[in-house]
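Please open the structure in your viewer and keep the selection tool at hand. The tour below moves from aromatic rings to a pair of helices.

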Amino acid sequence: MASKTPVGFIGLGNMGNPMAKNLVKHGYPVIAYDVFPEACKEFQDLGAQVTDSPADVAERADRIITMLPSSPNAIEVYTGANGILKKVKKGSLLIDSSTIDPAVSKELAKAVEKMGAVFMDAPVSGGVGAARAGNLTFMVGGVEQEFDAAKELLTCMGSNVVYCGEVGTGQAAKICNNMLLAISMIGTAEAMNLGIRLGLDPKLLAKILNMSSGRCWSSDTYNPVPGVMEGVPSANNYQGGFGATLMAKDLGLAQISATNTKTPVPLGSQAHQIYRMMCAKGYALKDFSAVFQFLREEETL
């Protein structure tokens with residue numbers, strides 16, 4: 001274990017924190033950076049090296065994983081005044097697990113390539129629970145010859161690591177998945193709300209849906225109605241999980257991609273509007289399944 005070479009990790013938020021911990025568990029010395037120094041303290045206690053900038057991480061590690069909130073954050077971390085590219089070593093492998101615009105991933109890949117390094121996009125599905133358990137799904141885009149090198153690290157944090165194609169295809173897979181997830185969650189919330197108002201017991205209705213053709217992940221694994229399932233955000237006042245603001249962001253990325261490719265996504269567009277309204281009405285930090293609560297309160301929709 002001690003012979004494993006260090007891995008840089010930039011972005012120790014809700015997802016990055018447990019992901020980096022799983023690298024430590026697998027014996028990788030981690031060189032960490034986060035824009036909020038307090039996020040790094042826990043990793044110092046675990047024996048990780050903490051640096052002052054993304055450039056410092058690049059100076060000390062030739063394999064780096066980034067997990068950032070949005071496209072502007074990723075651009076800053078890679079190409080900013082103290083960004084990775086200021087001190088990146090030739091031959092370094094840079095894996096971005098943020099969910100960002102596929103076009104931005106492609107631009108970053110070009111900038112990284114000019115420095116003689118390799119960039120891969122590897123966004124994740126599974127949320128905070130899967131990040132803690134180490135069973136995320138990674139959707140990877142980049143040069144196929146580098147996939148095995150990326151997979152070695154990603155399997156420490158995920159149970160599914162899927163090669164999708166050239167840079168940007170990992171992001172494409174992620175935003176398509178999340179658009180469908182948002183649509184199915186809204187549909188589940190609507191169906192459950194209607195059934196409850198028609199006098200059905202919510203647990204019974206969920207049971208019927210889950211043995212019928214309406215069954216989906218939102219109904220059988222992540223039901224949005226409080227009291228129907230244990231261990232999901234709806235059982236905990238919609239705390240934890242995947243925030244509504246992040247879902248709104250991902251739906252916005254889907255809209256940009258749909259516009260760029262002239263793809264009709266009427267339900268994706270409606271879902272985007274619903275999640276944006278949710279965020280404006282005080283649900284931004286609640287789990288995205290709180291759309292059930294939002295729809296019950298918004299009689300005017």
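This structure holds seven aromatic pairs, where rings of Phe, Tyr and Trp (its six-membered ring) pair if their centres lie within 6.5 Å, and planes under 30 degrees apart count as stacked, over 60 as edge-to-face and the rest as tilted. The model is predicted, so local features need pLDDT of at least 70 and side-chain atom pairs count only at pLDDT 80 or more, while totals for chains, interfaces and linings use all residues. Residues are numbered from 1 along each chain as its sequence is written, and side-chain values use heavy atoms, with hydrogens and water left out.

Select W217 and Y222 to begin: their rings are stacked, 4.8 Å centre to centre with 20° between the planes. W217 is partly exposed at 43% relative accessibility, whereas Y222 is buried at 12%; buried means under 20% relative accessible area, exposed over 50%, and partly exposed in between (1.4 Å probe, protein chains only).

Next, select F242 and F288, an edge-to-face pair with 6.0 Å centre to centre and 75° between the planes. Both F242 and F288 are buried.

Now turn to helix α4 (residues 71-79) and helix α5 (residues 102-114), whose axes come within 11 Å and cross at roughly 5°. Helices here are DSSP runs (H or I, at least four residues), numbered from the N terminus, and axes are lines fitted to C-alpha atoms over the stretch in contact, with angles from 0 to 180 degrees between N-to-C directions.

Terms used
Helices (H or I, at least four residues) and strands (E, at least two) are DSSP runs, numbered from the N terminus.
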